[in-house]
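Here is a short briefing for a reader new to this structure. Look over the sequence and the model before reading on.

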Amino acid sequence: MKTSHWVGLALALSVAVNLLVGGALLGRLFRAPPDPPPPMAWALRDLAPSVRETLRPQLRKRLAEAQPARRELRLALQSLGQALRQEPMDRDAASRALAQLRESGERYQAVLHESLLDILAELPAERREAAMRAAMRGKGGALLPGPGPRR
């Protein structure tokens with residue numbers, strides 16, 4: 001083969017690789033982010049498949065309720081961080097951010113509690129106590145001793 005054929009082949013291969021990499025990057029950039037799990041989704045892990053399928057639509061509905069509260073929590077945390085990083089610290093802004101954090105935290109916790117009740121209502125009595133103990137030991141505060149559920 002002539003040198004010009006090798007150069008042409010190398011050029012075609014280079015263009016193909018560049019198109020492949022570029023397509024992968026663009027696909028990743030424009031792909032919709034995955035849906036976050038519904039609140040308390042980890043609690044479904046140990047349930048029977050039929051119970052999980054019964055609860056999944058209820059928990060998806062709760063997700064729509066939880067997302068605004070999650071967003072508010074993030075915004076309040078960002079505001080708090082901004083106030084704390086200022087020199088000198090903006091005490092009034094930090095106080096407002098903490099108040100917003102409490103309010104949005106209460107709203108989010110209410111959605112989590114409703115999700116927990118949805119799950120507990122589907123369990124037999126002997127499993128409810130164990131599930132409640134697992135929920136209370138979850139991330140964010142050990143209200144009961146123990147390691148809590150794995151998420």
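The points below go from the overall fold to single residues.

This is a predicted model. The protein has four helices and zero strands. Of its 151 residues, 24% count as buried.

**Overall fold**
- Along the sequence, the pattern reads α-α-α-α.
- Take the contacts between residues at least 6 apart in sequence: 57% of them join residues at least 24 apart.
- The protein exposes about 11,100 Å². Carbon and sulfur atoms supply 61% of that area.

- Helix H1 covers residues 3-30, and Leu25 lies in it.
- Leu25 has a relative accessibility of 57%, so this residue counts as exposed. The cut-off for exposed is over 50%.
- Leu25 also belongs to a nonpolar patch on the surface, together with Leu13, Val17 and Val21.
- The accessible area of these four residues together is about 380 Å².
- Residues three or four places apart in an α-helix point the same way, because the helix has 3.6 residues a turn.

- Helix H2 runs through residues 49-85.
- At Arg56, helix H2 bends by about 35°. A proline, Pro57, follows within four residues.
- Which residues of H2 are buried? They are Leu55, Leu59, Arg62, Leu63, Ala66, Ala69, Arg70, Leu73, Ala76, Leu80, Gly81 and Ala83.
- The list takes in Arg62 and Arg70 along with leucines such as Leu55 and Leu73.
- Helix H3, residues 91-121, is part of what covers the buried residues of H2.

**The largest nonpolar core**
- Seven residues make up the largest nonpolar core: Leu47, Leu55, Leu59, Leu116, Ile119, Leu120 and Leu123.
- H2 and H3 each supply at least two residues of this core.
- Which helix gives the most to this core? H3 does, with three residues.

**The loop between H2 and H3**
- Where is Pro88 placed? Pro88 sits in the loop between H2 and H3.
- The peptide bond that joins Glu87 and Pro88 is cis. Its omega is about 0°.

Definitions and conventions:
Residues are numbered from 1 along each chain as its sequence is written. This is a predicted model: local features need pLDDT of at least 70, side-chain atom pairs count only at pLDDT 80 or more; totals for chains, interfaces and linings use all residues. Side-chain values use heavy atoms; hydrogens and water are left out. The bend at a residue is the angle between axes fitted to the seven residues ending there and the seven starting there. Buried means under 20% relative accessible area, exposed over 50%, partly exposed in between (1.4 Å probe, protein chains only). Contact means heavy atoms within 4.5 Å. Accessible areas come from the Shrake-Rupley method with a 1.4 Å probe; for residues, only the protein chains shown count as cover. Patches are made of residues with over 30% relative accessible area and no salt bridge: like charges are joined within 9 Å, nonpolar side chains (Val, Leu, Ile, Met, Phe, Trp, Tyr) within 5 Å. A salt bridge is a side-chain nitrogen of Lys or Arg within 4 Å of a carboxyl oxygen of Asp or Glu. A nonpolar core is a set of buried Ala, Val, Leu, Ile, Met, Phe, Trp, Tyr and Cys residues joined through side-chain atoms within 4.5 Å.
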